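I opened this entry to note what I looked up, step by step. The notes follow the order in which I went through the chains.

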Amino acid sequence: MANLLDVHAISKHFGGVVALRDVDLSLRAGEVHCLVGENGSGKSTLIKILSGVLHPEPGGRIVIEGREYPHLNPVQSTACGIQVIYQDLSLFPNLTVAENIAVAGHLGAARLVNWRTLRMTADAAMARIGASLDPDARVEDLSIANRQLVAICRAMAADAKLVIMDEPTASLTRHEVDALVRLVADLKRAGICIVFVSHRLDEVMEIAERVTVLRDGAKVGEFPAREMDDKKLAMLMTGKAFAYRTRETDLAKSKMVLSVSHLTRAGQYEDISLDIRAGEIVGLTGLLGSGRTELALSLFGMNRPTSGEIRLDGKPLALKTNAQAIEGGIAYVSEDRLNLGLVLEQPISSNILVTVLDKLPSRLGLVAEETRRRTARKWIEDLAIKAPNPDNAVRTLSGGNQQRVVLAKWMATQPRLLILDSPTVGVDIAAKDGIYEVVRELASKGVAILLISDEIPEVFYHAHRVLVMRRGRLTGECVPHGSSEEELQAMVDA
Amino acid sequence: MPRHDDRSLAGGGTRVGRATSRWTLSPALLRFRRSHEFWLLAVILVLSLALSLATDSFLTLQNLFDLLTSNAFVGILASGLLVVLIAGGIDISFTATASVAQYVALTIGIRQGFGWFALFAVAGSVGVLCGLINAIFITKLRISSIIVSIATLNIFYGLLIVSTGGKYITSLPKFFRDGIAWFEHDDANGMPYALNLQILVLVLAFIAAWLLLNRTNVGRQIYAMGGNKDAAQRLGFHVLRLNILVYGYLGFVAGIASLVQAQLAQSVTPTVLVGKELDVLAAVVLGGASLTGGVGSVFGAILGVTLLAILQNGLVLLGISSYWNQWFVGLTILCAVSITAWSERRRRAAKAIN
C-alpha cells in the first residue's frame with residue numbers, strides 16, 4: 001500500500017541555526033506513529049512544515065497521497081486532510097461544543113450562519129468517533145479530556161486523514177489516557193493516521209507501530225515501537241546512556257551544617273531530629289501526607305514549629321519568616337517549578353538576580369547594567385543553562401532549563417542549605433540527568449542538600465543517606481551504598 | 001465502532017452541561033436561569049415593582065417614553081461597544097468620534113442642504129474613518145486597544161475643539177429640529193406620543209447588533225476571536241479584517257448616535273459628549289460583557305442600559321439628591337459584577353468536587 005505521506009530530505013535553518021537536516025518521514029494510513037525528541041530537536045519545525053506554516057529548503061520533497069507539493073501551504077495541507085492538535089488545543093472556551101467542532105463553517109463563503117448545518121456537522125463528527133458530548137455545553141465547562149475530544153472531533157469535521165497530536169497526554173489523568181488510547185485505536189481502524197509528538201516515553205506508545213526519533217534536527221532513526229523502552233528511548237533522544245550507581249563518600253570529617261532536634265509541629269510532624277553535613281545530600285522520602293513537605297516548609301521559615309530546635313552552622317535559628325531563612329543561608333526549591341516564583345515573561349537574567357538584587361554592588365541603589373549582566377552570565381554558565389541570550393524570557397526555555405534557572409536563582413544567594421522538593425516532577429529523563437548533575441556539583445562545593453522525593457530511585461541513587469518519613473515521624477534511615485532499592489521501598493511501605 | 005461514553009474520558013466525572021433539576025426545565029431555560037442576564041432581569045423587575053409602588057410617576061406612559069428617549073444615546077453606543085468588547089478589544093474614543101461626526105455632518109449638512117439620509121451617511125462615514133484608525137494601530141502595531149483609544153480620544157477631541165473653537169451650532173434645519181413622529185397618538189391627558197427618532201434608532205441599533213453577532217458568520221468569528229485569539233489566527237481568521245469591522249462598526253454606530261443626540265438636544269455642542277464613554281462602558285459591563293473578550297450578549301447589554309436608566313430615573317422620582325446618583329450607580333455595578341463572579345466561582349468549585 002502506498003504511503004499516506006512521504007517527506008524526503010527536509011532541511012530548515014533559522015539564521016545560522018540548524019532546525020532540521022535531511023529528515024525523512026513516512027506515514028501510512030491507519031498507523032499510529034510517534035515522533036519523539038528533546039526540546040529543540042526539530043519536532044515542532046517538522047510539524048510546521050507538514051501543516052504548511054513553514055516551507056522546507058530546496059531539495060526537500062513533500063508527497064501526500066502520491067502527489068508532490070513543492071510549496072505546501074496551510075490551505076493545501078488542510079485540504080489534504082492534515083490536522084494538527086496543539087497542546088493548548090486551540091479551542092474557543094466561550095463557544096459551545098458544536099460551534100467549536102464546526103468552526104470552519106464560519107470561515108466559508110456564506111455570510112449568514114446556518115445553525116442547522118453547523119449542528120449536523122458537529123453531530124456527524126461526534127458520531128464518527130463515538131463521542132457523546134452535549135453539543136450545547138460550553139467548552140470552558142468541560143474537563144481537559146473532553147476538550148481534547150472536541151479538538152479531535154473538529155479534526156474529524158475537517159475530514160482529517162492525518163491527525164498530529166502535540167503532547168496529548170501531558171495534562172490527562174491515567175484514566176483519561178486509557179480512554180484516549182481506546183479512541184486512537186478506533187481512529188486507526190477507521191484508516192486515520194495518528195502522529196503523537198512527545199519528548200518522553202508516552203503511554204500512547206503502547207499502541208504505536210513505529211517511533212521516529214529526532215536529535216539536534218536530524219533523524220536518529222525509525223524503530224518498531226515494540227522494541228522501545230524508557231532507557232533505550234532516552235539513549236536515542238540524547239545520545240547518552242543513563243545508568244546511576246549509589247554514592248559513597250566519606251563525610252564524617254565534614255562540618256555539620258544543619259542539625260534539627262526534636263522538632264515538632266502539632267498535627268503535622270513529631271519529634272524530628274536530623275543532621276546534614278556540608279557536601280552531604282540527604283534524601284527524604286515517604287508517602288504523600290507523611291509530613292515531609294510540612295517539615296521542609298518549617299526549615300524554610302514558612303511553617304512555624306511548635307517546639308524543638310533548628311541549628312545552622314551550630315547557631316540556633318528562630319525562623320519566623322522565609323526572609324529570615326534566606327538571610328540565614330537556606331534556599332528552598334518547591335515542587336511545581338511554574339509556581340516557585342519564576343516570572344515566565346521576564347528575562348532569564350532578572351529571574352536569576354531577583355533574590356540578590358540588594359546584594360549586588362550598587363551606586364545610590366542602582367545596579368550597573370554591566371554588573372547585572374556579568375552576574376547573570378556567571379550563573380547561566382555555572383549551571384549550564386542552555387540559553388542563547390540571558391535577556392530572553394524564561395518562557396522560551398525547556399522545562400529542564402527552567403528548573404535550572406530556579407536553581408540558579410537560589411544558588412545566587414549562596415546558601416548553606418538547599419532544600420529540593422520533588423525537583424524532577426514532569427521533566428524528561430535527559431533533563432532529570434541534568435538536574436542531578438547540578439545537585440551533585442552543588443554538594444561538591446560544600447552545600448548541604450535535603451532532597452525530598454516520591455521516587456525511590458531518585459533518592460536511592462542521588463543521596464548519601466535516605467530518611468524515611470511516615471505519619472509525621474522519621475521511621476527509618478537507609479544508606480544506599482551496600483543496600484538495595486527494594487530494601488528502601490520496603491521501609492517506605494512498612 | 002464502539003461508543004465512548006464521555007464519562008470514561010472525564011475520569012468518572014458527571015456529564016457536563018446537562019444537569020438535572022428538581023424542576024423539569026428545558027436545557028435552554030435552565031441555562032438561562034443560571035445566566036447573568038437572568039439575575040439582571042430579576043433585579044430590574046424587583047426595582048421596577050418597588051418604584052411603581054413607591055411613586056405614582058414611575059409606571060406611566062410618559063415616564064417610560066422619556067426614559068427610552070433620554071437613554072437612547074447611551075443605548076445605541078452600548079450596542080456598538082458590545083461588539084468591540086466581545087471581539088476582545090476596548091475602545092473609549094467613541095464619544096470623541098461622535099462629537100466629530102456630529103459637528104462635521106451638521107456643518108456640511110446645513111451648508112449643502114442635506115436631508116436625513118445624507119446626514120446619517122456623512123456622520124456614519126466619519127465614524128467609520130475614526131474606527132479604522134483605531135483598528136489599524138491596534139492590529140498592525142499590536143498596541144493595546146485601551147492605549148490606542150485613549151490617544152485617539154484626545155486627538156479627535158483636541159482637533160475638534162481647536163478647529164471649532166468650541167462653538168455651538170444652534171441654527172439647525174427645521175426638518176431636523178422637528179425630528180420624526182410616526183404612529184402619533186394622544187394619551188388620556190392629551191399628551192401626544194409617537195415613535196420618535198431616538199426610539200426608532202435605538203431599536204434598530206440593537207436589532208442590527210443582534211443580527212451581526214448571532215446570524216452572520218463574521219459575528220461568530222468575532223466571538224471566537226474574543227475567546228481565543230491565538231486559536232483564531234491558527235485557524236486562518238483574518239484578524240485585521242475583523243478588527244476593522246468591529247472598530248469601524250462602533251465608529252459607525254457612534255456617528256449615527258451623535259445625530260440622534262443632536263436632534264434631542266436641538267443643538268450641537270462639541271464639549272458635551274466626551275465624558276460619557278465610561279457610562280456606556282459601565283452599562284455594557286453590567287450587562288455581562290467581559291473585558292477579556294468573548295463574552296456578552298445584546299440582551300445583556302439592553303438589560304445593563306435599562307438597569308442604569310431605571311436606577312437614575314428612580315432616584316430622581318424619589319427626590320433623592322442627584323449627588324447620590326453616581327454613588328448608587330457605582331454600588332450597583334460593583335454588586336452585579338461581584339455576584340456574577342461569585343456564582344461563577346461557586347459553580348466551578350462544585351464542578352471540581354464532582
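I checked the backbone just after α5(A) and found that A:D159 takes a positive phi of about 55 degrees. I note that this is a predicted model, and the value is a computed one.

I then went back to α5(A) itself, which runs over residues 144–157 of chain A and has 14 residues. From its first C-alpha to its last the helix reaches 20 Å, close to the 20 Å expected at 1.5 Å a residue. Is α5(A) mostly covered or mostly open? I counted it as mostly covered, with 13 of its 14 residues buried.

Next I looked at chain A as a whole. It has 494 residues, and buried ones make up 46% of them. I listed 15 helices and 22 strands in chain A. Its C-alpha trace spans about 75 × 50 × 50 Å along the principal axes. Of the contacts in chain A with a separation of 6 or more, 69% join residues 24 or more positions apart.

I turned to chain B for a helix pair. Two packed helices are described by the angle between their axes and the distance between the axes. For α5(B), residues 94–112, and α7(B), residues 145–164, the axes come within 8 Å and cross at roughly 35 degrees. The crossing is left-handed. Which residues make the contact? From α5(B) I wrote down B:A96, B:T97, B:S99, B:V100 and B:Y103. From α7(B) I wrote down B:L153, B:F156, B:Y157, B:L160 and B:T164. I sorted the residues of this contact into seven nonpolar, three polar and no charged.

How values were computed
Residues are numbered from 1 along each chain as its sequence is written. Chains are lettered from A and ligands numbered from 1 in the order in which they are written. This is a predicted model: local features need pLDDT of at least 70, side-chain atom pairs count only at pLDDT 80 or more; totals for chains, interfaces and linings use all residues. Helices (H or I, at least four residues) and strands (E, at least two) are DSSP runs, numbered from the N terminus. The expected span of a helix is 1.5 Å times one less than its number of residues. A residue is buried if 20 or more other C-beta atoms lie within 10 Å of its own, exposed if 12 or fewer, and partly exposed in between; C-beta atoms are placed from the backbone. Axes are lines fitted to C-alpha atoms, for helices over the stretch in contact, and angles run from 0 to 180 degrees between N-to-C directions. A crossing is left-handed if the near helix is turned anticlockwise from the far one by less than a right angle, and right-handed if clockwise. Two residues are in contact if their C-beta atoms, placed from the backbone, lie within 7 Å. Ala, Val, Leu, Ile, Met, Phe, Trp, Tyr, Cys and Pro count as nonpolar, Asp, Glu, Lys and Arg as charged, and the others, Gly among them, as polar.
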